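Me: I have a structure open here and would like to go through parts of it with you. Could you take my questions one at a time?
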Amino acid sequence: MAGMCFGTTQEPPVRRGRERLRRVLAVAFLATLLAAPVLAEAPRAPTVDPDSVLRITFLDVGQADAVLIQAPGGRTALVDAGRDNIVPLLRRFGVSEIDLLVATHPHADHIGGMAGVIAAFPVRFYMDNGEPHTTQTYRRLLAALDARPEITYLEASPRTLTLGEVEIDVLPLLPRGTADHNDRSVTLLVRFGEFRAFLSGDSEVRQLTHLMNQGAVREVALLKAPHHGSDNGFTREFLNAARPRVVVISVGRNSYGHPRPAALRAYEASGATVFRTDWHGHVSVQGRESGDYDVSFGREVGAVVVFDD
Ligand SMILES: [Zn+2]
């Protein structure tokens, strides 16, 4: 089931990562070099207490976004739902209900799978940017919500939500009608003690600048690369403020050239180590209250193990 290879002396440049992260990355780096990773050693069972870990998993859903947040104690949020049906994948990750479902913006690569999710799982809260769209995919999502009146709707306005011990800040949006869908992506700062993650949807330069001007960008351990690693998904000022240690790019086969070389260079220049779902499969970051974290990944759900000893 697993496709991991343990043990290599070759390490990618990591300027600010912790020792444990370096070991993880050594594994990650080697795995990217292997067309068919070899299982050299049985994967170890996670040694961390799952109740004390916030797990944020970037699901490998091709050129699309689906980010699963599993808080200590079992509360669950899903930010975007891919382009296609992700229900079986969510079940394999242990999802049986969703406390908070977020559509960052109504493009098909973010909401295509959402109607299926709403039909398949109990959902407590649904949040979006309040801006309608004209597509069939969006209408299908609305119909799914209409069929589940017990779901509480939240428009994304600045507020802090709690997901068990995890706090999620909803960051300020540009006013409705003043920006295109990407630049009105719902952006979230996920906090668990000292561990912080920034989830960005498809934000482009204008929204990132807006967030900077609002003082809403803080230093984070983890950044979801805005807009699939597009040229317009970063600014130097934003990266200087966020100073991410890990950047995850949710990306698949595409005609846009995502991730763009300039974006990759900017992430690496910021000192971050980059993971991408097209290379690493599902990428999971386990954050602890201390701010410490691990990264694991794999194409098979069973292969996503915590690298820790
Ligand atoms: Zn997108």
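Me: Which exposed residues does the face of helix 8 turned away from its buried side carry?
Reply: Bearing in mind that this is a predicted model, the face of helix 8 that points away from the buried side carries Pro-261, Arg-265 and Ala-269, which are exposed.

Me: And which residues are buried in helix 8?
Reply: Within helix 8, which runs over residues 261–269, the buried residues are Ala-263, Ala-266 and Tyr-267. They lie on the same side of helix 8, because the arc they cover around the axis is only 100°.

Me: What is the phi of Gly-271, which follows helix 8?
Reply: Gly-271, coming after helix 8, has a positive phi, near 95°.

Me: Switching to the sheet, in what order do the 7 strands come?
Reply: The 7 strands are arranged in the order 7-8-9-10-11-12-13, and they make up an open sheet whose pairing is mixed. At its edges are strand 7 (159–163) and strand 13, each of which pairs on one side only, and the twist from one strand to the next averages 20°.

Me: How do strand 11 and strand 12 pair, parallel or antiparallel?
Reply: Strand 11, residues 222–224, pairs with strand 12 in the parallel sense, over 3 bridges.

Note on methods:
Residues numbered from 1 in each chain as written. Predicted model: local features only at pLDDT ≥ 70, side-chain atom pairs only at ≥ 80, totals over all residues. Buried ≥ 20, exposed ≤ 12 C-beta atoms within 10 Å, placed from the backbone. Helix = DSSP H or I, 4+ residues; strand = E, 2+ residues; numbered from the N terminus. Arc of directions from axis to C-beta. Pairing = 2+ DSSP bridges. Axes fitted to C-alpha atoms, helices over the stretch in contact; angles between N-to-C directions.
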